[in-house]
Amino acid sequence: MKFLFNLKHYLYTSLREVLVYHHNSLEFRAKTFALIISANSYPTECAYDLVYEAGMQIYKDKERAKMLLLTTREYVNKVHKKNGLFIDDLVEDIRIEVRQIPRFVSKIDISLLEPIVECSVDEDTSTYQIRMLDFLSGLKEERSK
């Protein structure tokens, strides 16, 4: 069973553009979740559970919610393993994508991102995550005009 899940995850990751409907939108949302989660050096399953719940709320489809979760995990792992992606790169990617594709500003849902902060036990991490939320709120406000 786990083998099939890993194979499916590998195929989705490798062929996301072909297999996933509106993959750009999903990846953008995953980046916003990953930005908040990767601010925590030791993310908990609590944060990932909230991503899945948010995916269910957004898409109302288990498969799509799982894809959001897997893509978010992928971005967080890249940031934490120093695999060519830094948290500043995520910030810049989000900023650029909102500028290039204005409809993505509507994909920034602060109410779905805020609960992730509560999963952090470290006060410094929580403060950093709140600053990231402030950035996303400001970006949404600026681009919505």
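Two residues are in contact, or touch, when they have heavy atoms within 4.5 Å of each other. Keep that idea in mind as you explore this predicted model. The chain has eight helices and zero strands, and 45% of its 145 residues count as buried. Let's take a tour, starting with the whole chain and then visiting some residues.

**The chain as a whole**

- From the N terminus on, the elements run α-α-α-α-α-α-α-α.
- Among contacts between residues at least 6 apart in sequence, 72% join residues at least 24 apart.

**S25, a residue in α3**

- You can find S25 in helix α3.
- Is S25 buried or exposed? Its relative accessible area is 8%, so S25 is buried, a label that applies under 20%.
- Not counting residues up to four places away in sequence, S25 touches F104 and K107.
- S25 and K107 are 82 residues apart along the chain, yet their C-alpha atoms are separated by 7.8 Å.

**K31, also worth a look**

- Helix α3 is where K31 lies.
- With a relative accessible area of 8%, K31 is buried.
- Which residues does K31 touch, not counting those up to four places away in sequence? They are Y75, L90, D93, I94 and E97.

**The largest nonpolar core**

- This core has 41 residues, and the members that touch the most others are F33, L35, I116 and L136.
- At least two core residues come from each of α3 (23–38), α4, α5, α6 (87–100), α7 (110–117) and α8 (123–144).
- Which helix supplies the largest share of this core? The answer is α3, with eight residues.
- L136 has contacts with T32, L35, I36, I94, I108, I110 and L113, leaving aside its neighbours within four places in sequence.

**Q129 in α8**

- Q129 is found in helix α8.
- The relative accessibility of Q129 is 1%, so Q129 counts as buried.
- Beyond its neighbours within four places in sequence, Q129 is in contact with I36, I37, A39, N40, I116, V117 and S120.

**How α4 and α5 pack**

- Two packed helices are described by the angle between their axes and the distance between the axes.
- For α4 (residues 45–59) and α5 (residues 62–80), the angle is about 140° and the axes are 8 Å apart.
- On the α4 side, the contact is made by E45, Y48, V51, Y52, G55, M56 and Y59.
- On the α5 side, the contact is made by K62, R64, A65, K66, L68, L69, T72, R73 and V76.
- How many residues of each class are in the contact of α4 with α5? There are nine nonpolar, two polar and five charged residues.

**K60, between the two helices**

- The loop between α4 and α5 holds K60.
- K60 is not a glycine, although it has a positive phi of about 55°.
- Is K60 buried or exposed? At 67% relative accessibility, K60 counts as exposed, because the cut-off for that label is over 50%.

Note on methods. Residues numbered from 1 in each chain as written. Predicted model: local features only at pLDDT ≥ 70, side-chain atom pairs only at ≥ 80, totals over all residues. Heavy atoms only, no water. Axes fitted to C-alpha atoms, helices over the stretch in contact; angles between N-to-C directions. Helix = DSSP H or I, 4+ residues; strand = E, 2+ residues; numbered from the N terminus. Nonpolar A, V, L, I, M, F, W, Y, C, P; charged D, E, K, R; others polar. Core = buried A, V, L, I, M, F, W, Y, C linked by side-chain atoms within 4.5 Å. Buried < 20%, exposed > 50% of the residue type's maximum accessible area, 1.4 Å probe, protein only.
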